[in-house]
Amino acid sequence: MVTQREILEELMQLRERLGFAIIFITHDLSLLIELADSIAVMYAGRLVERAGATELFRSPRHPYSLGLLNSFPALHGERVRMEGIPGSPPSLTALPQGCAFHPRCAFALDRCRTDTPRLARPQREPAGRERLAACWLQDGRQSPPGPLAVRLNDDAGPGTGPASASASAPAPASASASASGDTTPGSAR
Amino acid sequence: MTPTSGGAAATDRPADTAAPVVHGPRRPGVPVLEARRLTKHFPVSQFGPASRRQVVHAVEDISLALPRGTVTAVVGESGSGKSTLARLLTQLITPTSGELLLNGELVGSDGRSRREYTRQVHLVLQDPFSSLNSVHSVRYHLERPLKLHRRSGRGELTAKTLELLERVSLSPAADFIDKYPHELSGGQRQRVAIARGLAVEPKVLLADEPVSMLDVSIRLGVLNLLDELRSREQLAVLYVTHDIASARYLADTVVVMYAGEVVESGPAAQITDAPAHPYTQLLLNAAPDPGRTEPPVLRGRGSPPSLVNPPGGCRFHPRCPFAMAVCAESRPPAFSVAADQVAACWLHRPGDPEKNAPGPAADTAGDVPRAAEPEPGPAPAPSTNK
Ligand SMILES: Nc1ncnc2c1ncn2[C@@H]1O[C@H](COP(=O)(O)OP(=O)(O)O)[C@@H](O)[C@H]1O
Ligand code: SF4
Ligand code: SF4
Ligand SMILES: [Mg+2]
């Protein structure tokens, strides 16, 4: 852990100095939220959500992102039982029909079993948030369930742009990241 | 989560007194498994006669008690001796010195007591892929130990196998009993491996990084299973991990290892909320924390020392930002720092003026090793480049 953190610090310093962009590919979402400006979440070979790190952490729009966030026990606060995500990642050779996440999704609708949702801007997303999610819950035909409809405090505020999470970074460089679950049962990292 | 209390049987005894500090949850009665002053030195096989007597000091003088119905987490970086400790506790390897007690009785070395020990103390390995044989079904894997252990008849076997699957939440069990390992996900395989261990009705489960090779989304399921085995079946569980957040989640007591030694132990939430040892503080600052607003400041950078020639005194002293003269000279004993919490660090010597000192200056505020510190929050960062 200490060594990992030191290597990451080194990388981030290099980024500041040389101004390049970093793409982290990892399943360690809790680390990404600290390090990345923007995060792309993949499931079963597809991008399912893309958002600023803070936005993703505070107000995920895709049930898989929500499930991933609930898979990392916190370092502080009260200890509460957490459930992770039921079931297990599908095999890439036998992807479920429709939304590939539907067998594990607590919010699945009828159409999730047959139609694949496209990556799109959530219909009720406040203006100014740059965000994409591939989920039928976000197509505007229904209100998404509470945990997937959290609004950030600064949503209403004028001038809060998509870069609010990274506004303090002086360099033009950005770190983006991709978090992804296993796609085949048994594939190890 | 049910657990609340736990910690080390703390003492204020100075280093030279004989009785060692026993780490682990404190519960009334005799612990199922107790390790006294376990030490393991691996011989280093190298060329040349000069190095013939060199050894790796992998585990140094660790005493641990595992009561029934508790989870003890052993946390440390790679190479800190966690697996060696777990293997010593399974008797897979022989200690250089120290002894094991099962239900309060010294474990003998004859075949019979070894077999009894192996039955009662089960090791769950990190890799659920290699621990099952791909040519055999789930049924085969579970019936074998059932037959050997309980000499169950044909008729009962299926019923008992189904029951085992239900106990590890592979449900409905009938859907799993005739599957082969390749038809199962990593988490399901780890459950089968655990079920196989349960077949012989062990009292102690030693789990060495049981989720580190599993997909993130299914790790909690396996941790929750360990939690249930603790509360429902009253097993004594040792959970070995490098992930201090998961240790906090699951364990009654957290034991922190550095370079083969225990540096701190105590009730899980207390260790993470008020770490007393500089190394525990470093480990926590390095751990991922999405709630963090500033990059953490690491105090004590560097890597663990060679265990062939570990540093004298406190093994952490070459890295420690608080090191004093005494730290290089003598090994700090485990001092009591709070209820059930001990830290092997000279800063916590009773009566030591430095113990409760507010620290050298305000700029180190976050990390002054005080036991009563409510929040180990990171010190203000000199520069923030997120
Ligand atoms: N069989 C062995 N022979 C020699 N050295 C060993 C052996 N097993 C472990 N070690 C050494 O003991 C130390 C502790 O290893 P280990 O217990 O595996 O740590 P951890 O599980 O915390 O990563 C390491 O330096 C490792 O190289
Ligand atoms: S599309 Fe349907 S199944 Fe897929 S994540 Fe959204 S609600 Fe769940
Ligand atoms: S004993 Fe000394 S070197 Fe070791 S952790 Fe404590 S202050 Fe640091
Ligand atoms: Mg290990």
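## A salt bridge between the chains

The side chains of B:R301 and A:E9 form a salt bridge, with 2.7 Å from N to O, the term requiring a side-chain nitrogen of Lys or Arg within 4 Å of a carboxyl oxygen of Asp or Glu. Across the interface of chain A and chain B, four salt bridges are found by this rule.

This is a predicted model, in which local features need pLDDT of at least 70 and side-chain atom pairs count only at pLDDT 80 or more, while totals for chains, interfaces and linings use all residues. Side-chain values use heavy atoms, with hydrogens and water left out, residues are numbered from 1 along each chain as its sequence is written, and chains are lettered from A and ligands numbered from 1 in the order in which they are written.

## The interface

In the contact between the two chains, 45 residues of chain A touch 51 residues of chain B, contact meaning heavy atoms within 4.5 Å. Together chain A and chain B bury about 4200 Å², of which 54% is on carbon and sulfur atoms; buried area here is the accessible area (1.4 Å probe) that two parts lose on being put together, summed over both. Of the area that chain A buries against chain B, 22% is supplied by A:M1, A:L75 and A:R79, more than by any other three residues.

## Chain B and its helix α1

Chain B contains 10 helices and 12 strands, taken as DSSP runs numbered from the N terminus (helices H or I, at least four residues; strands E, at least two). Of its 386 residues, 56% count as buried, which is to say under 20% relative accessible area (1.4 Å probe, protein chains only). Among contacts in chain B between residues at least 6 apart in sequence, 63% join residues at least 24 apart.

Helix α1 of chain B, residues 82-90, is mostly covered, with seven of its nine residues buried; these are B:K82, B:T84, B:L85, B:A86, B:L88, B:L89 and B:T90. Just after α1(B), B:Q91 adopts a positive phi of about 65°.

Ligand 2 is surrounded by 13 residues, the closest being A:C99, A:C105, A:C112, A:C135 and A:W136, where a residue is near if one of its heavy atoms lies within 4 Å. This shell around ligand 2 divides into 11 nonpolar, two polar and no charged residues; Ala, Val, Leu, Ile, Met, Phe, Trp, Tyr, Cys and Pro count as nonpolar, Asp, Glu, Lys and Arg as charged, and the others, Gly among them, as polar.

Around ligand 3 there are 13 residues, of which B:C314, B:C320, B:C327, B:C345 and B:W346 come nearest, and the shell there has 11 nonpolar, two polar and no charged residues.

Notes
Buried < 20%, exposed > 50% of the residue type's maximum accessible area, 1.4 Å probe, protein only.
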